[in-house]
Amino acid sequence: MKNFFGPENPTGEMPQIRIEDLDFAKFRRILYWILLILGVVFLLRALAWGLSFYTDLLWFDDLGYRSVLMKVLSSRVALFLSGAVLFAAFAALNLFAAYRIAGRLLPGPNAKLPSGVQNSARKLFLLSAVVIVVLGALLLGARPASRWETMLLFMNGQPFEQIDPIFGKDLSFYIFSLPALAFVRSWCVTLVAATLFLCLAFYYVAAPLRGERFAIAGVPKRHLAALGSLLFLLVAAGHWLGRYELLYSQTGAVYGVGYTASHVTLPALAFMTVVAILCAGAILAASFYKRNMMLLYVVGAWVALNLLAGNLIPVLVQRLQVEPSEMARERPYLAHNIGFTRQAYGLSEIETRSHPARGDIDADTVAANQGTLRNVRLWDEGPLLQSYNQIQFFRLYYDFLAVHTDRYTVQDGLRQVMLATRELSAEKLPEEAQRWVNRHLQFTHGYGVAVSPVTEVASGGRPRFFVKDVPPAGTIPLTRPEIYYGLQSLDFLIVRSQMQEFNYPGPNGPVYTRYGGEGGVPLDSLFRRLVYALKFMDLNILISGEIQRDSLIQYRRTVQERFSSVTPFLLRDREAYSVVADGRLFWIQDAYTYTTRYPYATPWERRFNYLRNSVKSVVDAYHGSIDYYVADPADPLIRAYQAIFPSLFKPIEEMPDYLRVHTRYPLDLFTVQTEMLLQYHMEDPVVFYNKEDQWSIPVQSSFGETQALKPYYIVGRLPGEAQEEFLLIQPFTPASRHNLVGWIAARSDGDRYGERLLFRFPTGRHVDGPNQVEARIDNDAVISEQFTLWGQVGSEVFRGILLVIPLGESILYAEPVFLKPETLDFPELRRIILADARQVVMHQTMDTSIQALVGEGPAVAPLVEEGRAALDAVSSGAPGEGLARIREGLEEAVGKLQEILEELKRFGPGMDQRETPAD
């Protein structure tokens, strides 16, 4: 078999280098080519990085956050240089030592080398060493640079003022210090191991130049042994730090240190620390003996003890001693896990109250909760979004992308609303209009919003509006409706060009505008135009005559991009929601500090085990500015980031009042907390271990589809409170059961923002869950018959989300019913189902459904009732609405009347008379 240094080696033994086969000139040529290629690659990478950095600098300057970018850059450069210099110095010193030990490559007593060969070998080795050291420095310098956040948190860590129960250290050690120490140790292991390998390779190559066979002996052996001894000292440090890592162990009954980890693994790691230190000394001592087997014995002993103490013994103890009496032995560790998990997710601050969950809703309950009833959410996000895209889009290039829930004070009353922004979708322009000027200069922004009260329905089952149309019209003032920064965008747009910007479609043709905001990077020089032409690989930026000196280029225009570009170290909520305030449009993006290093806390979906909604950021939809407000100043993580970036964060008190009234408890945080609460509401270790009171998220099944009931916002009055407020609600059911056991509410208004109340139902009372209410709806003969009849006339019937709404001391269930044509995504809200523990009712409006629920009308309105409502509208002076209802309701009802009567005959003469159409 051929090898690089010599001819065939049929024996399979370790090949020895033959001097006469070496071609030093060829090696030098190879090295020069390697250096040339590396130089070209480095130059290209440097140019690309310089281009990216320059455009980033301009973009951060536009936002006023240059200091943030420079802090990250300076930290990365400092860490890179530190790592590169440390590796270069350590490796170079050891290679120089090896060079000296090898006698400067002078020929040994058995070597016969001409002086030219000696010089060539010396130069080749020096050049090779330089190349290897430089490459190693670049690689090992990049690792610390990539961990800039870990190192900055280590240097700016803040105390948690909470002690762990095993080692008695403040939690800041585990969250800020331990990750940095573990990384430094790991990096040092790589440094020493790489240097050891390089020195070994050097001795291997240098031996034949001296006319000797390669052998690990003498001074080279002691040099390599010193490096190996240093490596074992780092292994000992790993064992010692591994003791603290037990706080994240998953081997026991719970996450964190368990009985076996505390009584076996912890002392075993301390023992292995001592063993590794002894091994380091033994390796150094063994280097003075001629036999190399001593080194193998030392390493083998460490491996065997590590397997025995670190793996075999803990497994045996866990299986033979712990599992037979697990509850008794693990009880204190279960308590640690419960307590720290509840603290990590903010569950320990939840206030628990009892709720009587009365079964019926009477007239007194209705009268006392009018504010809640007038805000019952009837529209689901999906159907409402489809309706907006049918009746409020106006042009093909407009899109409503997401519906958000909020509350506004309208006519001196707090009203829950749903709203969506009218975004520009340039890709939907006609094909002939898909030109560069149109896409990047003229069609630059979305326009306005649609805002609907959640509980009102217009004629034909369509939403009513507080704000609609273009220009915006309605009860909520909006004087700056342009959306330059929103939920979607092209890569870049250029404003203030010579081309007029399309603003909105007017009655007499397009209305144009010119951007007057502050968002964007000035294209005031040919160099900047060249830079951005290269960045976006678009020559038109450089050559277009439409671009002027005061033109601005806007990029990273989506809220998500802007947020993540400035603060990649924060976790953002799933959605930024739009707010109409001060006559303008804003986006509020909730953000979280998080870590996986909180001791004893069970991780959520393996993503983190500590979460705080520490930041609320606000993006101006017109100017593009982004402000970060600290919503939880008690969080040590956000305090650490404030120390790192002192100019980035503002106190929440500086947020304008017109925005603070629209802050809400974030959905993702509430979802995580409620899912963790399914188990961690059980604080007694015995109950927790036996899972005696395990909860689950309710599910609802309708028309054969099953889905979990996700958290939802409502405007309602909590039991015992004087007025309505904006709440985030989640009911709970027992595990594998369908009845309700309680519900939790998070508050969002005023000084009570962030408070969470857990209401638990009496254990001896049955309270229907969503799935059971759905079954009652399906079992109602008249309701199911009407669904069947609607489905026979070419319409798709689907039911919305069933909401569980606390109403005083009772529980109200509300569910909308939608009709949608089979060929068009245009749902109409046609019925409202309400239920309590006694009955299920279904009518066209909320008012009539409530009247039916308290016994002031028939439980179910037959189809012919639509015709009667139409006639009432005509007689009351609303002929337009009446005619619409006649067309959409009366004709259908009369046409199906005979079918209804025929179907109802099946139930016989004993049927409740209130369900007949004759009523």
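One term before you start clicking: a residue is called buried when its relative accessible area is under 20%, exposed when it is over 50%, and partly exposed in between. Keep in mind, too, that this is a predicted model.

**Stop 1**

Which parts does the pair tie together? Glu349 sits in the loop between helix 9 (326-344) and strand 1 (351-354), while Arg756 belongs to strand 27 (residues 756-760), so the contact links parts that are 407 residues apart in sequence. Glu349 itself is partly exposed, with a relative accessible area of 49%.

**Stop 2: further salt bridges**

The whole structure holds 39 salt bridges. Pick Arg528 and Asp524, whose side chains pair up at 3.7 Å, N to O. Arg528 is buried at 18% relative accessible area, and Asp524 counts as partly exposed at 28%.

Next, select Glu724 and Arg717, another salt bridge (3.9 Å, N to O). Glu724 is partly exposed, at 23%, whereas Arg717 is buried, at 18%. Then show Glu351, Arg353, Glu721, Glu725, Arg747, Arg752 and Glu755 together: salt bridges with shared partners join these residues into one network.

**Stop 3: the largest pocket**

The volume here is about 1,200 Å³. Helix 1 (24-63), helix 2 (66-101), helix 3 (115-146) and helix 16 (559-566) each put at least two residues into the lining. Which of them gives the most? Helix 1 does, with twelve residues. Colour the lining of this pocket by class and you get 27 nonpolar, three polar and three charged residues.

**Stop 4: the second largest pocket**

This one has a volume of about 1,000 Å³. Its lining counts 46 residues, and Asn613, Ala631, Asp632, Tyr753 and Gly754 are the closest to its centre. Strand 3 (404-410), strand 18 (610-620), helix 17 (636-644), helix 18 (657-660) and helix 19 (667-680) are the elements that contribute two or more residues, and strand 18 gives the most, with five. By class, the lining of the second largest pocket splits into 21 nonpolar, 13 polar and twelve charged residues.

**Stop 5**

For the second largest cavity, select Trp59, Asp62, Tyr485, Gly520, Val521, Ile553, Gln554, Tyr555 and Arg562, which line it. The space inside is about 40 Å³. Helix 1 and strand 14 (552-555) each supply at least two of the lining residues, with strand 14 giving the most, at three. The lining of this cavity has five nonpolar, two polar and two charged residues.

**Stop 6: a patch on the surface**

Finish by turning on the surface and selecting Trp33, Leu36, Ile37, Val40, Val41, Leu43, Leu44 and Leu47. These residues form a nonpolar patch with about 830 Å² of accessible area together. Is Trp33 buried or exposed? Trp33, which lies in helix 1, counts as exposed, at 56% relative accessibility.

Methods. Residues are numbered from 1 along each chain as its sequence is written. This is a predicted model: local features need pLDDT of at least 70, side-chain atom pairs count only at pLDDT 80 or more; totals for chains, interfaces and linings use all residues. Side-chain values use heavy atoms; hydrogens and water are left out. On a 1 Å grid over the protein atoms alone, a cavity is a set of points where a 1.4 Å probe fits but cannot get out, and a pocket is an open set with protein on both sides within 12 Å along at least five of seven lines; lining residues have an atom within 4 Å of a point. Grid points are joined across faces, edges and corners, and a volume is the space filled by probe spheres set on the points. Helices (H or I, at least four residues) and strands (E, at least two) are DSSP runs, numbered from the N terminus. Ala, Val, Leu, Ile, Met, Phe, Trp, Tyr, Cys and Pro count as nonpolar, Asp, Glu, Lys and Arg as charged, and the others, Gly among them, as polar. Patches are made of residues with over 30% relative accessible area and no salt bridge: like charges are joined within 9 Å, nonpolar side chains (Val, Leu, Ile, Met, Phe, Trp, Tyr) within 5 Å. Accessible areas come from the Shrake-Rupley method with a 1.4 Å probe; for residues, only the protein chains shown count as cover. A salt bridge is a side-chain nitrogen of Lys or Arg within 4 Å of a carboxyl oxygen of Asp or Glu. Buried means under 20% relative accessible area, exposed over 50%, partly exposed in between (1.4 Å probe, protein chains only).
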